[in-house]
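Please read it alongside the sequence and the model.

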Amino acid sequence: MPPPLEKSSSLSVKLGPAILTALLLGSVLLAPLPLAAVEWSTLFTAQDVRDHLSAEPGRQEALEFCRKMGITKVYIESFRDGYQAEEATLKAARDFFRQAGLKVSGCVTTTGIGKHSTGWDVAVCYTHRPNQERLASVFRFTAALFDEIMIDDFFFTDCECSECGAAKGALSWRQYREKLMLEMSRERVLGPARAVNPQVKIILKFPQWYDHFQDRGYVPDQEAALYDRIWVGTELRDPSSDEWGHKQQYEGYFIYRWLADVGGAKTGGGWFDPYGTTATLYLDQPLTTILAGAPEVFLFHYGALTSPEFRAQAEALAPRRLSYESLARFVSDWGGLATYKPVSSEPGEEEYIFDAIGMLGIPLAPTAHFPEGARAALFTVHALEDVQFVSKLTRLLAAGGTAFVSQGLAHRLNADPRLPTQASLDLEKDHDLKTVEAGGGKLIIFSAALPRLAYVDGHNRLEQLTPELRSALDELRRRVSEFTVTSPDAPPRVAIFPLGGRVAVVNYTELPVACRLTGLAGMARKYTKVFSTDGATLASDGATLR
């Protein structure tokens with residue numbers, strides 16, 4: 001039998017993942033797998049261009065690195081941190097890599113353009129007219145050299161200077177920033193670039209901090225409509241790091257699948273870097289990015305990955321690349337519990353709650369659209385961005401649906417006369433789970449203490465799993481298993497990814513884990529292993545994973 005849930009409050013997570021991808025017996029999975037499912041790419045920042053690509057020996061070394069890492073596409077950056085690379089060097093590097101058989105695109109990072117934002121130092125003030133003119137100039141310059149240009153994820157503003165205050169007028173800061181950045185996209189990026197090169201394609205990369213897009217002018221749905229493609233920051237960090245905000249590894253998966261729902265076919269690759277990682281933790285990033293379905297895995301950046309500080313990260317990835325490519329051939333048809341996060345939704349007290357829930361072995365299927373017709377869905381405070389949310393929720397319940405509701409959202413909905421129940425939605429003291437019958441359906445309310453079980457503090461310790469929390473987590477998983485695959489006995493920080501007739505399980509802890517999979521009202525009981533990393537096995541019973 002699998003061991004009980006880990007009780008220790010000092011579970012370390014410094015080591016890397018083990019993964020077992022299993023095939024559900026009885027599923028029809030006879031279609032041939034694609035021959036190639038993922039492409040590897042990297043960036044030469046403007047400073048890399050200056051320092052490494054200005055002469056033939058440096059270009060040869062860079063090509064050798066690309067060959068070693070399986071990189072078939074490079075992005076050559078023209079501008080970053082106020083520095084614009086020399087045109088002759090950019091052309092020489094572009095032509096060199098093309099002649100070597102690699103795909104070549106451009107990149108721009110909109111930092112150091114001019115007047116800084118009064119907020120985050122890396123951002124600039126886009127109300128300032130000279131900044132606007134400089135931005136347009138950079139994109140005209142770059143579009144003359146490349147037919148595709150990536151914009152790194154600093155194309156935002158949080159400035160509150162006197163110029164911005166005067167231009168804002170009666171608008172809220174959020175309204176003004178969204179309006180301003182959409183104008184910058186149309187008038188200072190896309191317009192100037194296409195005027196120089198009508199064939200140019202522009203990619204906008206979104207950062208991983210999805211719960212704060214609305215604070216800094218990102219409008220993913222409208223920007224996805226404007227740009228030719230969007231890219232996703234799937235950066236992950238040491239989850240015990242105070243500096244990096246205790247990021248959950250599930251975040252890379254959640255943001256990619258959510259933005260894929262927003263951007264549809266325009267959604268491109270996943271981009272990550274070595275910062276805030278060890279060589280082993282770094283491997284969580286390509287693994288999670290591939291599980292999320294990114295067709296291109298982007299390694300930021302050449303100068304960092306060949307430096308003494310981060311060379312070990314690249315060396316750790318190189319021998320595992322072919323294994324990850326094999327994994328990519330099994331990844332499609334993402335499933336899980338429909339999870340509603342409207343575009344530009346405020347998290348309230350539930351910032352990045354989805355990432356923590358996913359680390360409890362509860363698989364999520366993110367969507368920016370209300371999951372009409374779903375048998376079950378998960379809702380948090382984010383849902384209140386939708387002014388019609390309560391009406392939509394009432395329809396879901398009337399159809400016999402089940403709504404998994406966070407404690408924060410339940411508190412805000414409590415006593416709402418539009419809901420088909422008069423029962424209190426607040427959790428009683430010392431209770432972590434509650435079921436309320438409502439309009440033919442069910443509201444299953446879970447406490448904030450359950451997502452906290454995945455949280456790792458600065459001393460590498462997990463939250464204490466008390467008998468009461470164990471019981472609540474067991475019951476929550478049992479309810480979830482009526483609608484998707486989960487594990488009744490995996491410890492926190494084991495994540496599950498339903499992939500059609502397959503399911504991947506990733507152990508993000510450093511300890512050996514044994515667990516079973518259950519789900520879909522008991523239909524998922526026995527599996528065949530189709531892929532695994534070292535140390536991951538399936539017991540002879542076809543049900544216990546180690």
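**Helix packing and cores**

In this predicted model, helix α2 (residues 56-69) and helix α3 (residues 87-99) cross at roughly 45°, and their axes come within 11 Å. That angle makes α2 oblique to α3.

**α2 and α3**

- The two helices, α2 and α3, cross in a right-handed sense.
- On the α2 side, Glu-56, Arg-59, Gln-60, Ala-62 and Leu-63 meet Ala-92, Ala-93, Phe-96 and Phe-97 of α3.
- The contact of α2 with α3 comprises 6 nonpolar, 1 polar and 2 charged residues.

**α4 and α6**

- Helix α4 (residues 129-143) packs against helix α6 (residues 173-196) at an angle of about 30°, with the axes 8 Å apart.
- Angles under 35 degrees count as roughly parallel, and α4 and α6 are therefore roughly parallel to each other.
- The crossing of α4 past α6 is right-handed.
- Residues making this contact include Leu-135, Phe-139 and Arg-140 of α4, and Met-184, Arg-188 and Val-196 of α6.
- By class, the contact of α4 with α6 holds 9 nonpolar, 1 polar and 4 charged residues.

**Nonpolar cores**

- The largest nonpolar core has 126 residues, of which Phe-97, Phe-155, Leu-299 and Phe-404 touch the most other members.
- Helix α8 (residues 250-263) supplies the largest share of this core, 9 residues.
- Another core, of 24 residues, lies apart from the largest one and includes Ala-377, Phe-389, Leu-393 and Leu-427.
- Beyond its neighbours within four places in sequence, Phe-404 is in contact with residues including Leu-337, Ala-377, Phe-446, Arg-479 and Phe-483.

Key. Residues are numbered from 1 along each chain as its sequence is written. This is a predicted model: local features need pLDDT of at least 70, side-chain atom pairs count only at pLDDT 80 or more; totals for chains, interfaces and linings use all residues. Side-chain values use heavy atoms; hydrogens and water are left out. Axes are lines fitted to C-alpha atoms, for helices over the stretch in contact, and angles run from 0 to 180 degrees between N-to-C directions. Helices (H or I, at least four residues) and strands (E, at least two) are DSSP runs, numbered from the N terminus. Angles under 35 degrees count as roughly parallel, over 145 as roughly antiparallel, 65 to 115 as roughly perpendicular and the rest as oblique. A crossing is left-handed if the near helix is turned anticlockwise from the far one by less than a right angle, and right-handed if clockwise. Contact means heavy atoms within 4.5 Å. Ala, Val, Leu, Ile, Met, Phe, Trp, Tyr, Cys and Pro count as nonpolar, Asp, Glu, Lys and Arg as charged, and the others, Gly among them, as polar. A nonpolar core is a set of buried Ala, Val, Leu, Ile, Met, Phe, Trp, Tyr and Cys residues joined through side-chain atoms within 4.5 Å. Buried means under 20% relative accessible area, exposed over 50%, partly exposed in between (1.4 Å probe, protein chains only).
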